[in-house]
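Let us read a protein model together, one feature at a time. Keep the sequence and the picture side by side.

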Amino acid sequence: MLDREQGGGFLERRSDARGDPRVRQGVRDALDAGLRYAMEWQLGEFSRVSGIRHHFRADPAAFDSSDDKALDAMLFRVLQESLSNVARHSQATEVRVSLTREGAELRLAVHDNGVGLARPASGSG
């Protein structure tokens, strides 16, 4: 968040939203409504705040384990961290998120159109 400093410059003010009880309650409420809703809510908030468009695709079978609240919370946190990395590092304008299930395997994929990581120089390591 940026605040205007006297003289027209900008001063950065950092805020740790994770410590805000209103944010934690919002996340709990979203997860209580179900993983699909929570993910759609998080992606909507991400796009609203960052300006980065999102596309979400999920297999209906991916939500079959909706009784596992610990798994839902873990997937939600992985999504949050992935989106945070996209916003901070990728210079992306679009992110695609998919959640699929194949048998017992559940896969959350997050792809963006950003710059990516620099490749290590050949011969290093």
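## Reading the fold step by step

Q: What share of the contacts in the chain with a separation of 6 or more comes from residues 24 or more positions apart?

A: The share is 53%. Keep in mind that this is a predicted model.

Q: Which secondary structure elements does the chain have, and in what pattern?

A: Start by listing helices and strands. The chain has three helices and five strands. Then read along the sequence. The pattern is β-β-α-α-β-α-β-β.

Q: How much of the chain is buried?

A: A residue counts as buried under 20% relative accessible area. Of the 125 residues in the chain, 25% are buried.

Q: How do helix α2 and helix α3 pack, in angle and in distance between axes?

A: For a helix pair, look at two values: the angle and the spacing. Helix α2 covers residues 35-50, and helix α3 covers residues 69-90. They pack at about 15 degrees, and their axes are 10 Å apart. Angles under 35 degrees count as roughly parallel. So α2 is roughly parallel to α3.

Q: Is the crossing of α2 and α3 right-handed or left-handed?

A: It is a right-handed crossing.

Q: Which residues make the contact?

A: Find both sides in the picture. From α2 come Leu35, Ala38, Met39, Trp41, Gln42, Leu43 and Phe46. From α3 come Asp72, Leu75, Phe76, Leu79, Gln80, Leu83, Val86 and Ala87. Now sort the residues of this contact by type. There are 12 nonpolar, two polar and one charged.

Q: Now a loop residue. Where is Asp64, and is Asp64 buried or exposed?

A: Asp64 sits in the loop between β3 (53-58) and α3. Its relative accessibility is 60%. Over 50% counts as exposed, so Asp64 is exposed.

Q: How far is Asp64 from Arg101, in sequence and in space?

A: Compare the two kinds of distance. In sequence, Asp64 and Arg101 are 37 residues apart. In space, they are 8.9 Å apart, C-alpha to C-alpha.

Q: What is the phi of Gln91, and where is Gln91 found?

A: Gln91 has a positive phi of about 55 degrees, although Gln91 is not a glycine. Gln91 lies in the loop between α3 and β4 (94-102). With 64% relative accessibility, Gln91 counts as exposed.

Note on methods
Residues are numbered from 1 along each chain as its sequence is written. This is a predicted model: local features need pLDDT of at least 70, side-chain atom pairs count only at pLDDT 80 or more; totals for chains, interfaces and linings use all residues. Side-chain values use heavy atoms; hydrogens and water are left out. Axes are lines fitted to C-alpha atoms, for helices over the stretch in contact, and angles run from 0 to 180 degrees between N-to-C directions. Helices (H or I, at least four residues) and strands (E, at least two) are DSSP runs, numbered from the N terminus. Angles under 35 degrees count as roughly parallel, over 145 as roughly antiparallel, 65 to 115 as roughly perpendicular and the rest as oblique. A crossing is left-handed if the near helix is turned anticlockwise from the far one by less than a right angle, and right-handed if clockwise. Contact means heavy atoms within 4.5 Å. Ala, Val, Leu, Ile, Met, Phe, Trp, Tyr, Cys and Pro count as nonpolar, Asp, Glu, Lys and Arg as charged, and the others, Gly among them, as polar. Buried means under 20% relative accessible area, exposed over 50%, partly exposed in between (1.4 Å probe, protein chains only).
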